[in-house]
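Hello,

Here is the structure I promised to pass on. Please open it alongside this note, which goes through what I found.

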Amino acid sequence: MSRAAVLGHPVGHSLSPVLHRAAYSALGLSWTYDAIDVDEHELEGFVASCGPEWAGLSLTMPLKQTVLSLLDHVEPLAEVVGAVNTVLFQPGGSRATLVGANTDVYGIVAALREAGFVPGSGAVRGAVLGAGATASSALAALGELGITTPAVFARSLSRTGSLRRAAHRMGVEPTFHQIDAVLPALLAADVVVSTLPAHAADPVAAQLVQAAPSRLGVLLDVVYDPRPSALRAAWAPVGGDAGGERMLLHQAAEQVRLMTGRAAPLDAMAAALDAALDAPRPVNTV
């Protein structure tokens with residue numbers, strides 16, 4: 001029986017098991033997929049302990065960059081982005097060859113296209129909120145869509161070094177700004193990708209509500225819990241909405257394809273994801 005898992009710290013919130021297990025069931029595969037809490041210091045030992053039954057790993061924060069030094073081969077896109085969210089175990093020799101890939105870029109592009117974003121022939125204005133590993137994937141995705149000079153808005157410009165280096169490798173030339181100055185760019189943008197964590201964009205949402213724009217471009221907010229986020233709720237009435245759950249779905253579908261060699265059953269995965277997101281959650285009264 002083949003095994004796969006999502007690793008991260010913390011990882012209990014991850015919906016990757018829901019998506020992958022739904023895919024395996026629809027494909028008739030008796031694979032297992034678990035969520036395992038692993039931090040940066042534990043990652044090397046965990047990977048080394050994986051036996052021949054392992055087919056792949058999904059990685060969430062904070063492991064997407066830590067894993068790079070442990071891999072035998074990194075696919076070109078992941079190398080340029082500087083972030084790996086998928087590890088493939090390829091059998092051969094005395095141990096498996098570890099290959100790193102990035103499906104976040106695929107997921108962002110697919111979600112934006114699904115929401116109706118089609119780059120025009122003229123100049124297209126893009127913006128990215130946040131400066132972490134997912135922001136690197138967002139820059140790569142916008143680059144694939146022909147947007148090579150997006151504006152990046154970060155809470156701390158002193159922590160954008162890795163993103164600046166990744167942008168240089170991609171041939172993308174973003175401008176960098178404090179997030180406090182984001183409103184004019186959002187009002188003018190054709191496409192916006194927010195990579196900020198849950199509730200971090202709530203002040204931006206409040207600014208949008210106060211500005212009361214009549215029309216906005218397409219937003220992809222990678223946050224899918226809560227659904228909708230405050231930013232999506234403020235945006236959706238007058239703009240295009242590419243939900244974070246759709247990015248999650250599409251990046252997981254690409255992982256399934258890479259790990260199993262089979263086309264992912266997108267409808268079955270989407271149904272399982274929606275059911276999980278719509279299920280009642282326990283109330284924390286502590």
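S1 and strand S2 (residues 32-37) run parallel and are joined by six bridges. Please keep in mind that this is a predicted model. Between the two strands, the chain passes through helix H1 (residues 16-27). That β-α-β crossover from S1 to S2 is right-handed.

S1 also has strand S3 (residues 54-59) as a parallel partner, with five bridges joining them. Ala5 turns up again here, standing opposite Leu57 in S3. So much for pairing; next comes cover. Is S1 (residues 3-8) mostly covered or mostly open? Strand S1 is mostly covered, with five of its six residues buried.

**The protein overall**

The protein has 286 residues. DSSP runs give 11 helices and 12 strands. What radius of gyration does the protein have, and what would a compact globule of 286 residues have? The protein has 19 Å, and a compact globule would have a value near 19 Å, so the two agree. Along the principal axes, the C-alpha atoms fill a box of roughly 60 × 45 × 45 Å.

Buried residues account for 50% of the 286. The protein exposes about 13000 Å². Carbon and sulfur atoms supply 53% of that area. On contacts, take the pairs of residues at least 6 apart in sequence. Of these contacts, 70% join residues at least 24 apart.

Two of the pairings are worth a look:

- Strand S7 (residues 126-129) pairs with S10 in the parallel sense over four bridges. Gly126 stands opposite Val191 in S10.
- Strand S8 (residues 151-154) runs parallel to S9, and four bridges join them. Ala151 has Thr175 in S9 as its bridge partner. From S8 to S9 the chain crosses through helix H6 (residues 161-170), and this β-α-β crossover is right-handed.

**Backbone points to check**

Two peptide bonds to proline are cis. The bond from His9 to Pro10 is cis, with omega near 0°. Pro10 is in the loop between S1 and H1. The bond from Asp225 to Pro226 is cis as well, with omega near 10°. Pro226 lies in the loop between strand S11 (218-221) and helix H9 (230-235).

There are also positive phi values in residues other than glycine. His199 has phi near 75°. His199 lies in the loop between strand S10 (191-194) and helix H8 (202-211). Is His199 buried or exposed? The cut-off for exposed is over 50% relative accessible area. His199 counts as exposed because its relative accessibility is 53%.

Ala212 has a positive phi of about 50°, although Ala212 is not a glycine. Ala212 is found in the loop between H8 and S11. Its relative accessible area is 58%, so Ala212 is exposed.

**Where to start**

Best wishes

Conventions
Residues are numbered from 1 along each chain as its sequence is written. This is a predicted model: local features need pLDDT of at least 70, side-chain atom pairs count only at pLDDT 80 or more; totals for chains, interfaces and linings use all residues. Side-chain values use heavy atoms; hydrogens and water are left out. Buried means under 20% relative accessible area, exposed over 50%, partly exposed in between (1.4 Å probe, protein chains only). Two strands pair if DSSP finds at least two bridges between them. A crossover is right-handed if, with the strands pointing away from the viewer, the path from the first strand over the helix to the second runs clockwise. The radius of gyration is taken over C-alpha atoms; the globule rule is 2.2 Å times the number of residues to the power 0.38. Contact means heavy atoms within 4.5 Å. Accessible areas come from the Shrake-Rupley method with a 1.4 Å probe; for residues, only the protein chains shown count as cover.
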